[in-house]
Amino acid sequence: MNRPVVRLDNVTRSYGETTALAGVSLTFHRGELAAIVGPSGSGKSTMLNLIGTLDRPTSGTVEIDGHDIATLGDQELSALRAMTIGFVFQQFHLAAGLSALDNVAEGLLYTGTPLAERRRAARSALERVDLARRIYHRPNELSGGERQRVAIARALVGSPRLLLADEPTGALDSRSGDTVMALLRALHADGTTVVIITHDREVAASLPRQVQVRDGRIVHDSSRDRVPAC
Amino acid sequence: MLKTGRMSPRDVLRTGASGLRTRPLRVFLSALGIAIGIAAMIGVVGISTSSHAELQRTLDRLGTNLLTAAPGQTFTGAEAKLPKSTVDMVRRIGPVESAASTGDVDGYVYRNDRIPPAETGSINVKAADLGLLATTGTQLARGSWLNKATARYPAVVLGTGAADRLGIGSIESDTRVWLGGTWFTLVGILDKSALAPELDDSALVGWGAAERILGFDGHPTKIYTRTVESAVEEVRDVLAATANPQAPTEVKVSRPSDALAAKNATDKAFTGLMLGLGAVALLVGGVGVANTMVISVLERRAEIGLRRSLGARRNQIRTQFLVESQLLAGLGGIGGVLLGIAVTAAYALSQGWPVSVPVWAIAGGFGATLSIGALAGLYPAVRASQLPPTEALGAA
């Protein structure tokens, strides 16, 4: 059953002279909950962009849900993002003029789903993040933690195989951050593959698998030393 | 397999409008630029067609079958004279329905005998045939026209401008004016004459009175003639020779309705100029929309990145900004058309004209805004679509 959702094989990404990622190989299997952790400038954001198909590698292979993204054009890549990957950003990126419901419904806009159906799915996604009573609130009427939960609902409204969260607790106080982390764990328990990019070692340590990145290389992957603790 | 459905037209419109909703003031101002341009063009075209409609209405009322003949100059440059029998001869032309004449009389008219002789008020004294009003289509404002009796006695009818200048607003039984050194009784005042505007500044006396009292030589100086509508050109060709068989080249023939139409034609050049100005305003409005769109794309890089991460294809981003730009221009277009119609209606009604805004101008104006929206939005939209998603997200 364990087809990899994400497979990076000897992936390098350089911007001119600088190499952001140097020969990284990494696999995430279906149902995993993992952290990519490292200080800023370590290349973890580049990994997020490559895994999220927002960027292409300079060399090496990136496979998402079995698709080699080098063979995909803009249309197929967009379809992959629309149907397979859900993004959660540090800055939430919610539309100020839209209610929570419509913000979440936007998550299905580019799949070609009709509006009424988008709203129905958005309503149940908001129930999953425990915001059923806030669906008509605008982002400025919500707390930071609530906004991030709206953003998570938007990411999961299309039932993606892979949920990518970029510093999901970075803009939140610790209490809201805990709520958001608990929510991500619950989603993982329901079967979604969740990859969290963070610089926060504490957050990373709370997850089953940590991939540590530094200077564009993986310096430690907890899945490789699955040696029983002493 | 990796393919998403198409967005419905409604979703395309919703998405395109989403950027406008959050910035109402900017939308209003950039749409205003377009609206002013369109309103200027619609207004110019509308006022011009309304004025044309008014002219047509006037000509329909007055008829275009009035011809005039007047003495020109002799070969040596002296003033020519028409024979006394001219009117009778003109009446004998087959298609002529009626003919009447006026003759210039030496002498001036004053409100009373105490006015200094130099203050003539530029009022011409003319001897008039009794058929003059019917032939020229001139109406009486008050009083009565000359008749066979009053034409032989010192009675006068004033044109509207002449009455104004003499300061006479109403006619009493004893209202008199000092004309050519004699008291003349005022019997009537004329309305403005559209086809014979020279009557407006005249004091008209009977033919007999002019000859008997004012020493008029009896030569007509202007012949007015109405013709069967279909034969105007034929009559025009023979009018000079009929009016003065001895010297047809000394007769000036004209058609007063042509002068009205010519005035309208000179307005056309002015209309073209105004239309050009409107086009410039529209162009400036289009530049405003382009500017707004460029700024909008710069400001909304994060939104573009988010949409790309939600699965928007490049062409969907491009379409979104093109639709937004066209909606922006279209809003201006609708506002401009309404404003243009309002301006036209206000001006035409204030002039007492019929209101007329041609449908082609409305359709053309609105079509122009859509093309302007497309042109103005093209470059920003292409730029937005080519923004790499990582860069767009990183800008936030």
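In which hand does α1(B) pass α10(B)? The crossing is right-handed, meaning the near helix is turned clockwise from the far one by less than a right angle.

A word on the source. This is a predicted model, where local features need pLDDT of at least 70, side-chain atom pairs count only at pLDDT 80 or more, and totals for chains, interfaces and linings use all residues. Residues are numbered from 1 along each chain as its sequence is written, and chains are lettered from A, ligands numbered from 1, in the order written.

Back to that pair. Helix α1 of chain B covers residues 9-21, and helix α10 of chain B covers 314-351. Helices here are DSSP runs of H or I, at least four residues, and strands are runs of E, at least two, numbered from the N terminus. The two axes pack at about 65 degrees, 8 Å apart. Axes are lines fitted to C-alpha atoms over the stretch in contact, with angles from 0 to 180 degrees between N-to-C directions. So α1(B) and α10(B) are roughly perpendicular, a label for 65 to 115 degrees.

Who touches whom? On α1(B), the residues include B:V12, B:L13 and B:L20; on α10(B), they include B:V323, B:L327 and B:L328. Contact means C-beta atoms, placed from the backbone, within 7 Å. This contact has seven nonpolar, five polar and one charged residues. Ala, Val, Leu, Ile, Met, Phe, Trp, Tyr, Cys and Pro count as nonpolar, Asp, Glu, Lys and Arg as charged, the others, Gly among them, as polar.

Next, the interface. In chain B, 25 residues contact 29 residues of chain A. Helices α1, α9, α10 and α12 of chain B each supply at least two residues of that side. The chain B side has eight nonpolar, ten polar and seven charged residues.

Now the domains of chain B. The assignment, automatic or from a database, gives domain 1 (10-59 + 261-394) and domain 2 (65-256). Their centres, over C-alpha atoms, are 56 Å apart.

UniProt, in an unreviewed entry, lists a MacB-like periplasmic core at residues 28-237 of chain B. Such annotations may be inferred rather than shown by experiment. That stretch is 31% helix and 26% strand.

Last, chain A. Helices α5 (144-156) and α6 (174-189) of chain A cross at roughly 20 degrees, with axes within 9 Å. That makes α5(A) roughly parallel to α6(A), the label for angles under 35 degrees. This crossing is right-handed too.

Methods. Angles under 35 degrees count as roughly parallel, over 145 as roughly antiparallel, 65 to 115 as roughly perpendicular and the rest as oblique. Two residues are in contact if their C-beta atoms, placed from the backbone, lie within 7 Å.
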